Amino acid sequence: MVDRVSTSGKYAQLVADMQQNLINYNRITAQLTSGHKVINITDDPIAAVNIINTNRQLGQIDTFSTNVEMAKSELSALDDLMTLATGYLSSAWDRAVQASNQTYGNDSLEAIKVEIDETIKTMVDLANTEYNDNYIFGGANTKITPYTIDDNGNIIYNGTPYDNPDYIRQTEVADGVFEVINTTGDRVFGYYEAVQETTADGKNVYTDADGRRVIETVEADGSKTYAYEDDGTAYAGDVADLKVSVAEENYSGVLGAMKLLSNSIQMILDGDTEAGYEQMNATLDMFDSSMRMITEEQTKFGGVYNRLEMTTSTLDTNNTNLTAYLSEIQDVDLTTAITDWYMAQYAYQASLQVSSASMGMSLLNYL
Amino acid sequence: MASLLSSLNMTANTLSVNEKAISVVSHNVANMNTEGYHKQRVNFATRNIAGAIGDNVNNQIRANGGVMIANVMRYNDEYLNNYYREQLSHLNTLDQQLDTIGDLASIFDDLEGEGIDAALSDFYEALNNLNEYPASSTARTNFIETAKTLVSVMNSKSVELEQLTTKALGDGVSQESLENSKIYQQFTALNDKLTELADVNRALMVTQTGTLEANNLLDKRDLILNDISQFVDIDVEEIHNGAVRVSIGGVDLVRGAKVVGELDIQTAKSYCDSQNPPIAYPDDWDGENAVISIINPEEENKVVVANANSIITEGTLGGLLHSATAVDGETNAGTAMEGLNTLAQAIADIFNELNTREGAYCINPDDTGKLMDSPDDNFLFVTTDENGNITTNGITAGNIQLNPDLFTTDGIWNISCAYFEDGANFDENAVGNAQNVAAMLGTRNTKQDALDGMSIEDYYTSLVGKIASAGSSLQTLYDTQSAVVDGIETKIKDATGVDLNEELVDLVKYQTAYSAAAQVFNICNACLDTLMTLGG
């Protein structure tokens, strides 16, 4: 019985063989029509996982590229602003050098002071520039104006100070690699603040035109009264004429230098010539160090910019390589596939032909 | 004279025997395409007439009775049949598993950038955007929307997975969903087959073997046994006249003419409730959604095996029953669901921890230019417990949701973007601080203990990889098994099927014998005529 072959067995075998050829033919046809080697994840698990991973990496590269482009454009804006700032700083420095020659009359000094005061305002506007709805020079305080000038002429920095390490804003430019893209206003522009003297119980101290000390008291209803410190008598003059008694001056950077320059000119104009020029000379060094500070920041961000340029090219290369790899594992190699398809077609046709020819063969034909 | 008459009788008998043989050939040819038909062959034997005693030649010649039909043999190979049924059961197990894994693979088919993988990528991209603009309401809204997409994709995948199980086994609670499940149809069909087999057994027991009728019944019996073995892996033992005993895991289902083990099915919940003491469902139940038991209809439906799931491991029933149970080392709907649930809980834990950790700050909704300490319950991903309370425990892919607080008017400000490692550096105006977002972004590459030391996305990809590998190796197993079964089937058909050439040869053989016998009849008749005219 082992070697017996029956007609029904032969039919079953023919059908199974034709079925197998048809499955093979259909599989290659589906690959060709879809253009993909892997149609279901179960077709090739390793390729499937690689496709998912590669697609994800390509997505990340897109994100990183966008981040890098945005960072580069913000850094360009930052650089432009710092270049503008150095321009204003240079011109103020020139004025400081001219004024410190002690050859200018009061009118000229007054004109320089006006110019410096205007430059301070321009510089503050510069430092308050917004980019993409964020204040560039506010550190992490991106939503509040970094610089305000109060009634007393203080140039107050409201941003995160440079010595607070949490001032940074960073963008992801590669897997887990973050690049810091901002600096702080106090680092680039500095500030100026004259701290008003207060009494032991916290009351503000002023001086009148004669230099007598006047103490300000805030009453329960919020109104303010002014009285002389020495004899307690009420101050009878105009409150607007009172000068703030300065306990100490806090300043740094170019804004500090310009404000001090302006103050020194005012001292000279007020007749305090010697102290005025002395302070003016001191500002010259400050201009120098401020200039160096800005240049240092520009250099630092120039370096970041260059790194980002390199990152762009790395990302481009990765993108090209990964796209090629994806195509390799996912896309059908047309030459091979079409050759295979023809072969599968021939095999299928052959099985059909042989089946149809052999199915009709029996002794019946010869009886 | 006596001899001539006996020859005449003998030839008449030969004609009749060959007629019957031709009729069997005709039966074979007629059934050559009938499923399960086994070729039958007439076996001839010499017919002896009593009286051939001693060595008297005359007596011996007188004892020659010609030919008779010894039996009608049915071509059969019991070993092949048993082997075929065993392999067929296994093929059906694989078929069922492949079906499930195919559905699973389509649920997890993320090749075209869809599904959970894409949702995770979008989620991280939104985080990236938030890192650039931590104080922007648009970036925050975008983040919440992508997080919403992520949870709803997870929810829908979980529902699809549940439906896969429900479609196979019912939901474990409702009788209606059980009755609409695949297993219910299978179990009903199997019980019908058991009854059919008992009926055929009964007929076989009263039919003489070696007859056409018995052979046809055996064909029917084998077909039913093949059908049954597609459902479950059975042991078959012949007991009498071709009637069989069929058992599964040592428990008899059919014994002769009686069905002694009928299958009964109930929902897991109803099974748990019926136990003594009752099992708390679903908390203490780690079995399948449907429980099959074996009852004996001959003894007033006495329960033979209360939970037969563990002995039904093969065939369509076995494949279906165990398609959704999470077993270590196997990948099926159950393990896929477990994987997704682990992922959901891990995502919730990771981002909730970051959003509420010490040093994390969200934005004060009353003054969006200021930061405020993130409250301890400022969770991003939560679920609702049975009492309707928001909780971060027991999060699954099916129940994970965004904290409803995020959808309130001020909800967008709840995302803690800022982080100060050193509290001394805190500045309430630092709404541009995105260091917490950077930490959230960092989770993309962080290996998580809760996720077997993989990152969130890697864990998911590994889950997809497992399903793909399982599907691929199952496909290979199925193809191999299919070839094995096809091979045995062809072998059985070759060994027992009808071969046209053989039948035609037999036909010519019987026709020739018939003609020859007729010729002998004529000669004998002529001889008799001659004898009759002798006296004339």
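Student: How many residues of chain A are in contact with residues of chain B?

Tutor: Please bear in mind that this is a predicted model. As a general idea, the size of an interface is often given as the accessible area lost when the parts come together. Here the description is by residue contacts instead: 50 residues of chain A touch 55 residues of chain B.

Student: Which elements of chain A supply at least two residues each to the side that touches chain B?

Tutor: They are α1, α2 (45–100) and β5 (170–174) of chain A. The largest share comes from α2(A), with twelve residues. By residue class, this side of chain A divides into 19 nonpolar, 23 polar and eight charged residues.

Student: How should I read the packing of α1(A) against α7(A), and at what angle do their axes cross?

Tutor: One considers the approach of the two axes and the angle between their directions. For α1 (residues 7–34) and α7 (residues 334–359) of chain A, the axes come within 9 Å and cross at roughly 160°. Because angles over 145 degrees count as roughly antiparallel, α1(A) is roughly antiparallel to α7(A). The crossing is left-handed.

Student: Which residues make that contact, and how do they divide by class?

Tutor: From α1(A) the contributors include Leu14(A), Met18(A), Leu22(A) and Tyr25(A). From α7(A) they include Ile338(A), Trp341(A), Tyr348(A) and Leu352(A). The residues of the contact divide into 15 nonpolar, seven polar and two charged.

Student: Which domains does the assignment give for each chain?

Tutor: Chain A has domain 1 (55–193 + 252–318) and domain 2 (198–244). Their C-alpha centres lie 37 Å apart. Chain B is divided into domain 1 (2–75 + 497–534), domain 2 (86–171 + 331–471) and domain 3 (175–321). Between the C-alpha centres of domain 1 and domain 2 of chain B the separation is 84 Å.

Student: Let us turn to sheets. What is the strand order of the four-stranded sheet in chain B?

Tutor: In general, strands of a sheet pair through backbone hydrogen bonds, either parallel or antiparallel. In this open sheet of chain B the order is β3-β4-β5-β6, with antiparallel pairing. β3 (235–240) and β6 (258–259) stand at the edges with a single partner strand each, so one side of each has no neighbour in the sheet.

Student: How many bridges join β4(B) to β5(B), and how many join β5(B) to β6(B)?

Tutor: Four bridges join β4 (residues 243–248) to β5 (residues 251–255) of chain B, and Val246(B) has Val254(B) as its bridge partner. Two bridges join β5(B) to β6(B), where Val254(B) is partnered by Val259(B). β4(B) and β5(B) form a hairpin with two residues between them, and Gly249(B) in the turn has a positive phi of about 55°. β5(B) and β6(B) also form a hairpin with two residues between them; there Gly256(B) has a positive phi of about 60°.

Student: What is the order of the three-stranded sheet in chain B, and which helix packs on it?

Tutor: The order is β7-β8-β9, with antiparallel pairing. The twist averages 50° from one strand to the next. Six bridges join β7(B) to β8 (residues 290–296) of chain B, and Asp264(B) stands opposite Ser293(B). Helix α7 (residues 182–205) of chain B packs on this sheet, touching β7 and β8, and its direction makes about 165° with that of β7(B).

Terms used:
Residues are numbered from 1 along each chain as its sequence is written. Chains are lettered from A and ligands numbered from 1 in the order in which they are written. This is a predicted model: local features need pLDDT of at least 70, side-chain atom pairs count only at pLDDT 80 or more; totals for chains, interfaces and linings use all residues. Domain bounds come from an automatic or database domain assignment. Axes are lines fitted to C-alpha atoms, for helices over the stretch in contact, and angles run from 0 to 180 degrees between N-to-C directions. Angles under 35 degrees count as roughly parallel, over 145 as roughly antiparallel, 65 to 115 as roughly perpendicular and the rest as oblique. A crossing is left-handed if the near helix is turned anticlockwise from the far one by less than a right angle, and right-handed if clockwise. Two residues are in contact if their C-beta atoms, placed from the backbone, lie within 7 Å. Ala, Val, Leu, Ile, Met, Phe, Trp, Tyr, Cys and Pro count as nonpolar, Asp, Glu, Lys and Arg as charged, and the others, Gly among them, as polar. Two strands pair if DSSP finds at least two bridges between them.
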